[in-house]
Number of protein chains: 2
Amino acid sequence: MSRFISCEAGRLEPYTPGEQPVDMQYVKLNTNESPFPPSPKVVKAVSQAELLKLNLYSDPTCGQLTRAIARRYELKPEQVLAGNGSDELLSFAFRAFCGKGKSVAFPDVSYGFYKVWAAFYGIEANVVPLKADFTIDVDDYMDDHGTIVLANPNALTGVELPTAQIQRLLEADRDRVVIVDEAYVDFGGESCVPLLCRYDNLLVVQTFSKSRNLAGGRLGFALGDSDLIADLNRVKYSFNPYNVNRLSIVAGAAAMEDEAYFQKCTAAIQKTRTWTTKTLEELGFTVLPSRANFVFAASKSFPNGELYRKLKENGILVRWFDEDRIRDFYRITIGSSEQMEQMVEEIKKLLGEM
Amino acid sequence: MSRFISCEAGRLEPYTPGEQPVDMQYVKLNTNESPFPPSPKVVKAVSQAELLKLNLYSDPTCGQLTRAIARRYELKPEQVLAGNGSDELLSFAFRAFCGKGKSVAFPDVSYGFYKVWAAFYGIEANVVPLKADFTIDVDDYMDDHGTIVLANPNALTGVELPTAQIQRLLEADRDRVVIVDEAYVDFGGESCVPLLCRYDNLLVVQTFSKSRNLAGGRLGFALGDSDLIADLNRVKYSFNPYNVNRLSIVAGAAAMEDEAYFQKCTAAIQKTRTWTTKTLEELGFTVLPSRANFVFAASKSFPNGELYRKLKENGILVRWFDEDRIRDFYRITIGSSEQMEQMVEEIKKLLGEM
């Protein structure tokens with residue numbers, strides 16, 4: 001840190017993203033990207049004509065994209081906000097709905113960024129441990145009248161919380177915002193989007209990074225009551241109004257409109273997830289029941305990061321978190337079936353060497 | 001505002017960007033975009049192969065882009081940070097270098113976003129009026145030991161502050177950060193970049209939106225001592241680590257490497273600016289001496305927004321700010337020579353009708 005840094009910035013606890021190595025080609029199963037290229041319609045949409053308009057600012061309202069998302073989810077465009085990745089929108093939501101006297105609550109094994117944003121805005125955080133089986137018990141949140149943030153399916157674990165449980169939270173205090181981070185919902189999870197028509201205290205955040213094959217396009221969206229979205233816009237226009245670039249707007253709209261490709265890709269991931277889970281279990285792993293495009297798995301044969309290190313040596317990257325409770329687990333992205341077979345072969349070899 | 005909004009978000013004073021109308025085609029001279037398309041090398045760089053990799057996250061360090069910028073400005077890559085437009089980087093800089101006990105000072109007629117970010121982070125702002133001739137007197141800032149932000153050439157006015165004056169500020173207090181927002185420096189202005197090797201308290205922020213013809217790509221960059229850049233990274237990784245998308249990274253690198261096209265475009269703008277200034281003066285306008293890709297001009301014939309309204313009726317957009325001291329001025333982007341001729345013809349017609 002320089003001698004110029006503000007106290008507030010000095011206190012930050014920056015997030016560590018998954019490795020994005022450039023030294024060699026890995027089988028990348030560490031950041032939950034899709035193994036499939038974007039929809040052919042995306043490739044077509046980012047046309048020569050669009051490129052030639054890059055000298056002009058993008059539409060700060062992202063109209064074309066917002067309308068495509070609204071149509072897909074049967075909402076009004078004013079119920080949709082697009083962002084530079086769902087991270088940006090979650091950050092905006094922390095500012096919009098938390099502050100002095102308005103704390104934020106979230107589970108302890110979940111997306112690691114929630115505590116970072118709380119620190120960024122100086123928001124008091126109520127961090128609630130998951131149950132022993134890595135599930136969320138919403139009763140733990142009933143008496144908390146600050147804002148609640150839940151990743152569903154949960155980040156890191158892939159475990160799903162039934163939306164009926166989230167509905168209980170929404171009902172219990174209609175003056176409390178519940179933010180549901182549905183980054184991983186499209187792989188067999190149940191979305192809270194149908195609840196939006198009944199609860200004006202629900203904000204759903206989704207991303208194009210996983211199920212829409214556009215991690216490199218940096219696109220996320222928030223869905224909610226138009227008043228909540230207006231609050232988020234208030235933050236956005238106080239931070240960075242032109243937050244989405246021209247090419248991502250057209251790419252995102254095209255991706256959203258290609259329902260068939262989306263269905264095909266997400267179905268393939270689910271099929272491969274079933275195979276991977278079964279195979280890892282046969283190899284002695286404990287695999288949490290996942291509704292996401294990854295599995296969270298542990299094996300007595302590979303404690304404390306051992307599998308992460310061994311696989312990396314052999315050109316395969318998975319994610320390991322050196323944190324209490326999950327130190328023996330590995331978060332393994334569901335890639336193509338070929339990639340998963342390659343990983344399984346490597347694990348078999350490692351087990352054979354023991 | 002919803003009943004859920006935090007006090008902090010409720011107090012925000014969002015920025016109003018220039019109009020981006022979609023109802024009809026205007027001659028857009030209101031948001032300082034380049035009238036020229038991006039470099040042909042940019043169009044080539046955003047290739048089919050790059051599009052097919054959009055399923056993978058972008059490099060959070062923006063290595064390819066950062067290196068291209070570092071080469072161009074003869075700096076080390078660790079002295080460069082890329083952002084989702086220079087707005088994002090300026091916002092990061094406000095967080096990194098201002099806070100409790102560390103105020104921010106900036107001129108009163110300048111980029112309107114400075115006061116918005118100060119409010120966003122709850123930073124005390126010392127707003128210093130420009131002199132009567134719309135110049136900055138650095139002596140007004142000598143006794144202010146908070147962070148100083150100066151747009152140079154100044155936003156809205158286009159007036160340049162000699163870098164020797166900025167150097168006086170840098171010298172006067174080596175423990176104070178001076179942020180120089182050089183969004184408009186490439187149109188004949190003098191950059192502070194050569195001062196970077198001598199002052200570790202200098203941060204220069206530039207953009208691809210004007211002189212690099214990439215407003216729609218959302219790209220900016222900060223240049224400074226590697227410790228200052230590390231502080232900014234601390235903020236970035238606490239907000240949105242993957243802040244630049246894949247296509248903008250390759251587009252930006254290609255734009256930065258096409259020096260010949262950059263020189264050609266910026267020279268053309270300067271030539272057209274000379275013509276526009278002279279012509280407007282002949283029509284009775286007062287035109288501030290501009291080193292930017294716009295002119296700030298007033299005419300007794302068109303007080304109080306009259307020219308803005310009349311031109312808009314006729315399909316030409318310029319920017320008017322309904323604010324004290326500048327209510328009779330119009331900020332007119334330097335477009336192509338054809339666009340400027342069209343605007344001048346329209347003004348002549350309007351004058352003829354009087």
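1. Two strands count as paired if DSSP finds at least two bridges between them. Helices (H or I, at least four residues) and strands (E, at least two) are DSSP runs, numbered from the N terminus. In chain B, seven strands make an open, mixed sheet in the order β2-β8-β7-β6-β5-β3-β4. Its edges are β2 (80-83) and β4 (125-128) of chain B, each pairing on one side only. Neighbouring strands are turned by 20° against each other on average, direction ignored.

2. A word on the source: this is a predicted model, where local features need pLDDT of at least 70, side-chain atom pairs count only at pLDDT 80 or more, and totals for chains, interfaces and linings use all residues. Residues are numbered from 1 along each chain as its sequence is written, and chains are lettered from A and ligands numbered from 1 in the order in which they are written.

3. Inside the sheet, β3 (residues 104-107) and β5 (residues 147-151) of chain B run parallel, joined by two bridges. B:V104 has B:T147 of β5(B) as its bridge partner. Helix α5 (residues 86-97) of chain B packs on the sheet. Axes here are lines fitted to C-alpha atoms, for helices over the stretch in contact, with angles from 0 to 180 degrees between N-to-C directions.

4. Which residues touch the most other members of the largest nonpolar core? They are A:A93 and B:A93, in a core of 240 residues. Such a core is a set of buried Ala, Val, Leu, Ile, Met, Phe, Trp, Tyr and Cys residues joined through C-beta atoms within 7 Å. Buried means that 20 or more other C-beta atoms, placed from the backbone, lie within 10 Å of the residue's own. Leaving out residues up to four places away in sequence, B:A93 touches B:I179, B:L203, B:A222 and B:L232.

5. Now the interface. Contact means C-beta atoms, placed from the backbone, within 7 Å. By that rule, 77 residues of chain B meet 77 residues of chain A. α5(B) gives the most to the side of chain B that touches chain A, with six residues.

6. A rotation of 180° with 0.0 Å of shift along its axis superposes chain B on chain A (RMSD 0.0 Å). That is the relation of a two-fold axis.

Terms used:
Copies are superposed by least squares on the C-alpha atoms of residues with pLDDT of at least 70 in both. Two residues are in contact if their C-beta atoms, placed from the backbone, lie within 7 Å. A residue is buried if 20 or more other C-beta atoms lie within 10 Å of its own, exposed if 12 or fewer, and partly exposed in between; C-beta atoms are placed from the backbone.
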